[in-house]
Amino acid sequence: MRIRWLATLFLILALALAACGGDTGGESSQPSEPQQEQTSQTAETKSEEPAEESTSQQEESTATESGAEKVTLRVMVVDYIKDKTDVWLENEVVPAFQKEHPNIDVEFIYVNWGTLDETVQGYFAAGEGADIINLGSEYIAAYGDRLAPLNEYLGEEAWPDIKQFVPASLDTVTWKGELRGLPWLTAPRAYMCRSDLLAEIGFEQPPSTFPEAIEEARAGTIIEDGALKRAGIVTTGRLDDWQEYIALIWSLGGELYKENGEPAFDSPQARDALAFMYERRRAVYPDETIADLPEATGSRLADGTAVCMWGNLWGAPPVDDPLWEQISFSPGLTDPDNYPESRPVVQVFNDWLAVPAYSKNVPEAAEFLKFLGSAENLNRYNKDFGSFPPRRDAWFGYVEEAKPMQIMGDLMNEYGRGFADIRETAKFREILQREMSAYFTDLQDLDTTLSNIQSAYTQVLQDAGMIQ
Amino acid sequence: MLESYGYTLVWSVGTVVFIIASSVALGWIARLIVRWRGGSTIHQQNAFAGYAFAAPWIVGFVIFVLAPVVASLYWSFTVYRLPNPPQWVGVQNYVRLLTDDPNFRAALVNTFYFVLFGLPAQLVVALLLAILLNQKLHGERFFRTAFYLPVILGLNAAVLLSWVLMFNANNGFINTLLRTLSKKSTLFNLLLRAFIYVNESLNAFFLGVQSGNFTLFEKTISAFPAAHRVPLWLQSPLWTKTSIVLLLVWSCGSMMLIYLAALNSIPPEFYEAAEVDGATRWQRFWKITLPLISPATFYNLIVGMIAIIQMFEQPYVLLRDSPTVAQSSYTVVFYLWRATFRFNEIGYGAAISWILTLIILVITYFQFRLQDRWVQYDLR
C-alpha cells in the first residue's frame, strides 16, 4: 500500500519536474525550431557580448513581428499626472501602438520620484523588472552601464527622426558613445514672479542679482502669528533645494568637479552660493521657528502665497491661464559685484526613457520608444506639464501659442545648461540635503558644512572608483 | 495570457509536489536515523509521521529563513554590489560601521530615542486606555474598536497622508487646535510653550549627540519660546522624532488589548479584600493591578522594543516628501534599507542587519535576566 502511494507520488513529482523543465527551455516551447534555439543560446552570452545580443534580439524581433510570440512590455513611469497622463497613455497611446504592433501588449507601472531610486535598484538587483524605465536628467552616470545600447534601433540610420531631437537632450541619454534611452520631457527652470505683487513691494522687475533676491524675499514675505502667509520666494522645500544650489554655483562660474574629478566644494563659488541661500532663507524665515506655508492645492503663484518661485512650469499656473499676463520671468541670479563674469543659468532637466540591459524585449521596447517619441505624442504628453518636447518638430500648438512657453524657450536657448553628469547622484543628493539642512537649521556653520560636503563626496567618489 | 496562467499552474503544482516530496524525504531520513539507533518499529513509524508532518515548516524555515540568514552573514563580510559578485573583505564593513560612519551613529541615536521615549509613551497610553475600557462604561465596544482601529488600518498611504495633513505646521488640524486653545487660555499657552521648550531642547541635545556639535542645543535652551509658537511637526528636525513618537502612541491598540486581557484576568476578590482593608484606589492600582499585570507589561515591553528597533515605515512614509529633514529621523532599519536598496551596498546592509540583531539579542537577554526582579507570574 505504502509502495503504491510512493510510486504515485513519484509520478506526480516526475510530471511536475518535466513540466518545469519544459518551461525553462526558455522562451522556446518547441525546441526543435532552430531560430528559437539560437535565441536561447544568445541569452546565455548576454553579459559578455552585447553586440551579439543585439543581433539576436533583432532576429527575435523579426520573429515577433511575424506574429510568432506575444510580448508584454512593462513601462515604469515617474513623470505623470494622475488621471491625465495615465489615461492618455492607456486609452490612446497603447491602442494606437497596438494597431501597428498587435503582438505587443503594454502595461504601465506608476511610481513617484521619492521611490524611484529603490524601485530601479530593485529591478537591477533582481535582473528583472520593467522593460522601459523613466529616469531623471542626472541618471546616466549611475545606470549607463546597465542600460541597453540603442544606437541600432534609435541611431540616425535606423530612425531618422532622432535628428529632430535637441542635441543637448541626446547628450543626457548618451553613455560611452551609445544612446541608452530617449528623452521625453524637457523642463527648464527659471525665476517667475507675480508682477502685481512685485509692484506692491516696490520692485519693477524680478530680481536678477543676489542682493536684489534677498531684498525681494524679505519685502515679499508676510508672517502672521508665527506662520508664513506669503513667501517672497519659494523653491522646492524650504529654500533648501540642492538642485538650485548647483545652478547657483554654475551661475557664479563654478563647477561641481575639478579637472582631476575631485569635488569642488572648496571653491569660492560653492561657498558664496551656499551663503547666499542661507541669507535668502533668513529673509523669508527670520528663524527656524516660523511655520511653513500651508499645503499647496495648486500653483503658489496663482493663489498668491508666493511672490516669486524658482522652478519649471510644472508648479506654475496652466500655460493658457490669463494670470500669465501678470507673471514676469528672470533667467536666474548672478553676483556681478563679486563675480563680474557670472551669468544666469537656466537649469534644463531632460527626463528620459531607457531600456535596462536585463530586458528580454529590447527590440519591442525600442519600437515603443519610437512610437512614443513621435512629434505628435511628445507634444501631447508635454502639454500637460508645461514642459518642452525634446524634439524640435514637436514645438507646435501650445509651444508656439502660449506666452510662457515662448519666454521659457528663449531663456532656455540663451541660458540653458543641462542638469547632467552628476556623479553618484543618490549619495550626492543625500550628502547635500543632510549638510544643507544642518547649516540652515544652525546646527553647524558654513565652513563645517562645506568641509563636510567636500570630504563626504570625495569619499563617495573614491568608493565608486571615480577618483583615486 | 494563457502562457502566464500555465506558468503559474506549473509552479503551483511543482511547489505542492516539492512540499510533499520533501516531507516524505525528511520523514524517511528521521526513520532511518531511528532505525540506525536501534529504535523499535513503532518508534520508527512515529518518527516518520512526526517529521513528515513537521517538514513543511522545517523546509520553509530552511529555505526562507536559515539560508538567507547564512547568506547575509557571509555577505556582511563582503563588498557586494549587484550585478558584481561579492568580494571578501573580512570585517571591513563592521569596522567602517562602528568607527567611520557618522550616519550609522546618527541612526543608532535616533533608534535609541524612539525606544527611550516612544516605548514608555506607548506602554503608558495603552495601559491608560485599557484601564478606562475596563471600567465597563457605556459604549465600551465602540471605544475598544476605535482604539484598536489604528492597528487594523496600519500605516497605509491614506492614513499617513492624513497624518501629514494633520501635522502641517501652518494650518494642520493639530496646530489649528493648539493655536485656538492657546489663544483662549493663558495657562494652556504657557504649558504649550513649556512643552515646546522641553521638546526642542531634548531634540537639539540628541542632534548634538549625533553630530558632535551642541551649538543648536545651546541656542535652544537659551530662549523660552515666544507666545505664538506652535510645534513644527514635520518641518523641523527638532520635531520629526516627536511626530513619529506620536504616531507610535496612536498605534498602541495591540498593547492595549494585551493589557485589557491581563486586567480581566485579575480576580475581583483581590480588590474586594483590599477595599475591606481600607486601601485607596491608587493603592489598589499600585499594589494589586500593576504587579499582577506585570507579565503583560513584560510582553509588551519585549515585543514593543523589538518593533521599535525594527521600525521603518513611519519615518519612510511620513517624511519621504521632506527629504531635508528626513535624515533627522533615520532609524537603523531605514539606514539598512537605504544602504541596500538605494545605494546597492548589499554587503554593508547585511553588516548593519547583523549589528541590529546583536543589539536586539543583548537587550532582550538582559530584560529576561532582570524579569525576576519585577515580573509577577504567580497569582497566589
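**Domains and interfaces of chains A and B**

In this predicted model, Asn93(B) sits in helix α3 of chain B, which spans residues 92–99. With a relative accessibility of 4%, below the 20% cut-off, Asn93(B) counts as buried. Beyond its neighbours within four places in sequence, Asn93(B) is in contact with Trp75(B), Ser76(B), Phe77(B) and Thr78(B), and also with Gly347(B), Tyr348(B) and Ala351(B).

The domain assignment gives domain 1 as residues 2–75 and domain 2 as residues 98–169 + 232–374. The C-alpha centres of domain 1 of chain B and domain 2 of chain B are 37 Å apart. Contact between them involves 4 residues of domain 1 of chain B and 4 residues of domain 2 of chain B. Together the two domains bury about 350 Å², with 72% of this area on carbon and sulfur atoms. Ser72(B), Leu73(B) and Trp75(B) supply 87% of the area that domain 1 of chain B buries against domain 2 of chain B, more than any other three residues. Between domain 1 of chain B and domain 2 of chain B there are 0 salt bridges, and 1 residue pair is in polar contact. By class, the side of domain 1 of chain B that touches domain 2 of chain B holds 3 nonpolar residues, 1 polar residue and no charged residues.

Turning to chain A, the model shows 19 helices and 12 strands. Of the 468 residues of chain A, 56% count as buried. Among contacts in chain A between residues at least 6 apart in sequence, 74% join residues at least 24 apart.

Chain A is likewise divided into domain 1 (68–187 + 349–417) and domain 2 (188–348 + 420–463). The C-alpha centres of domain 1 of chain A and domain 2 of chain A are separated by 28 Å, and their contact takes 25 residues from domain 1 of chain A and 29 residues from domain 2 of chain A. About 2,700 Å² is buried between domain 1 of chain A and domain 2 of chain A, and carbon and sulfur atoms give 67% of it. Phe349(A), Met408(A) and Arg417(A) supply 29% of the area that domain 1 of chain A buries against domain 2 of chain A, more than any other three residues. There are 2 salt bridges between domain 1 of chain A and domain 2 of chain A. Arg417(A) also forms a salt bridge with Glu255(A), with the closest N and O atoms 2.8 Å apart. A further count gives 7 residue pairs in polar contact between domain 1 of chain A and domain 2 of chain A. On the side of domain 1 of chain A that touches domain 2 of chain A, at least two residues each come from β6 (181–194), β11 (346–354), α17 (403–415) and β12 (416–418) of chain A. Of this side, α17(A) gives the most, with 9 residues.

Finally, the chains themselves meet through 43 residues from chain A and 47 residues from chain B. The area buried between chain A and chain B is about 4,100 Å², 55% of it from carbon and sulfur atoms. In chain A, Asp225(A), Glu430(A) and Leu443(A) lose the most area to chain B, together 16% of what that side buries. The interface of chain A and chain B has 4 salt bridges. Asp225(A) meets Lys183(B) in a side-chain salt bridge at 2.9 Å, N to O. Across the interface of chain A and chain B, 12 residue pairs are in polar contact.

How values were computed. Residues numbered from 1 in each chain as written. Chains lettered and ligands numbered in written order. Predicted model: local features only at pLDDT ≥ 70, side-chain atom pairs only at ≥ 80, totals over all residues. Heavy atoms only, no water. Helix = DSSP H or I, 4+ residues; strand = E, 2+ residues; numbered from the N terminus. Buried < 20%, exposed > 50% of the residue type's maximum accessible area, 1.4 Å probe, protein only. Contact = heavy atoms within 4.5 Å. Domains from an automatic or database assignment. Buried area = accessible area lost by both parts, 1.4 Å probe. Polar contact = N/O pair within 3.5 Å; in protein donor to acceptor, adjacent residues only side chain to side chain. Nonpolar A, V, L, I, M, F, W, Y, C, P; charged D, E, K, R; others polar.
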